[in-house]
Amino acid sequence: MSRLSLDTTTAAEKTAAALYQSVQLRMAVTPTSVCPVEIASAYAKLCHSQSCGKCVPCRIGLGQLGELLDEVKTGHGSEATLDLIERTARSIKNSADCAIGYQAAAEVLRDVIAFRPDFENHLEKGYCLAPHQGIPCVRECPAHVDIPGYIALIGAHRNDEAVQLIRQDNPFPTACAFVCEHPCENQCRRNIVDKSINIRGLKTYAVDNAAIDILPMPKAAPTGKKIGVIGGGPSGLTAAFYLQLMGHSVTVYEKRHHLGGMLRYGIPSYRLDRHDLQRDIDSILTTGVQVHMDYDIASVADFQKLQADNDALYIAIGAHSDKKLRIPNEDAQGVLSAVELLRGIGDHKMPDFSGKKVVVVGGGNVAMDVARSSVRLGAEKVTVAYRRRQEDMTLCPMKSKGPLPRAV
């Protein structure tokens, strides 16, 4: 009978794996432009502190590697220091007896090779090429809203002030509370411990329990300047809101019957209730913004007239065209683009899909909006045709976070 042998993981390998996963987790929730020199230095020192001390490359080499990286970080090294770091890391990687030394040297070596310009800039100017990041969740937010600030206010049951703080950078707090894809949560520091804070859910709580018409700041004195905004979507209304608060006289010229742009004409009401959207719009209009609806700028003369009537123009016409598949018969009868369908729904023009079978091509947010709208419009069967796996879909249930959309 042959002997049965089981290969077990050594203590050094377990320690190295835990260290690697720990640092990897922190790097995953750190902005991509974090200083690579600091990461390499911290990792080398961390692994050196866990060395068993039996082999010279790990016991001595990692210590010297950390010192060399500190010289670069403080700008006291030279070009020769970088070459020495690379040779030292390569030597440790090839000669270390355990996983701690090997993995530490391998990561430092990869870091030096990949981010050589940052290391060189540290030597020349004392800092790397990566810009200062600040708070990760705020940095990741497209509007750079003060997320820790309004979360603290919500925790203190000061919801009015929380919404007021949000509106300093984003005049659509209600809309974002329901349809924002919350990229801030990807960079939440809580991910290091378990899972991110439900930032969007907290925002939803704040807007549901606050007086939404509170201005983020007092209006400035009138400047006498007239600003025309072409387009009443999120961009145009945001510009109008802050320009009006700055003291200018702002007029919005909108082509369609309602304000809101793609918030109204691209997102169905069961995901973003029209009353919630209108709350944000009404708050913007309370600043004194004037609006001209059904205003179509159809010629050069129309545009020149607006130029003559205003001191400045802000053009925010949006991107309301659809994306073609570039296949035969894509414009045949019975084939609709998602933009066309959702735009009609936004104007309360509901097509009758009763008893019909609908196929939706795509698996992203818009495809799901169309599929769910088709069911609500009476379709007998709705099929989603997607070229990837179900778990790759944008709205895959396994990826969902935050509060569910309100049913209308």
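**Note on aromatic pairs and a parallel sheet**

1. Y295 counts as partly exposed because its relative accessibility is 25%, where buried means under 20% relative accessible area, exposed over 50% and partly exposed in between (1.4 Å probe, protein chains only). The model is predicted, so local features need pLDDT of at least 70 and side-chain atom pairs count only at pLDDT 80 or more, while totals for chains, interfaces and linings use all residues. Residues are numbered from 1 along each chain as its sequence is written, and side-chain values use heavy atoms, with hydrogens and water left out.

2. Two aromatic pairs turn up when the whole structure is searched (ring centres of Phe, Tyr or Trp, the last by its six-membered ring, within 6.5 Å; planes under 30 degrees apart are stacked, over 60 edge-to-face, the rest tilted). One of them joins F241 and Y242 in an edge-to-face arrangement, with 5.0 Å from centre to centre and 70° between the planes. F241 counts as buried because its relative accessibility is 0%, and Y242, at 16%, counts as buried too.

3. Y253 and Y295 form a tilted pair, their centres 4.9 Å apart and their planes at 55°. Since Y253 belongs to strand 2 and Y295 to the loop between strand 3 and helix 15 (300-309), this pair ties together parts that lie 42 residues apart in sequence. Y253 has 9% relative accessibility and therefore counts as buried, whereas Y295 is partly exposed.

4. Strand 1 (residues 226-230) runs parallel to strand 4 and is joined to it by four bridges; within strand 4, A312 is the residue opposite I227.

5. Two arginines deserve a separate remark. R376 lies over the face of Y270, 3.9 Å from the ring centre, and the charged end of R256 sits over the ring of Y265, 5.7 Å from its centre (NZ of Lys or CZ of Arg within 6 Å of the ring centre and within 35 degrees of the ring normal).

Conventions
Pairing = 2+ DSSP bridges. Helix = DSSP H or I, 4+ residues; strand = E, 2+ residues; numbered from the N terminus.
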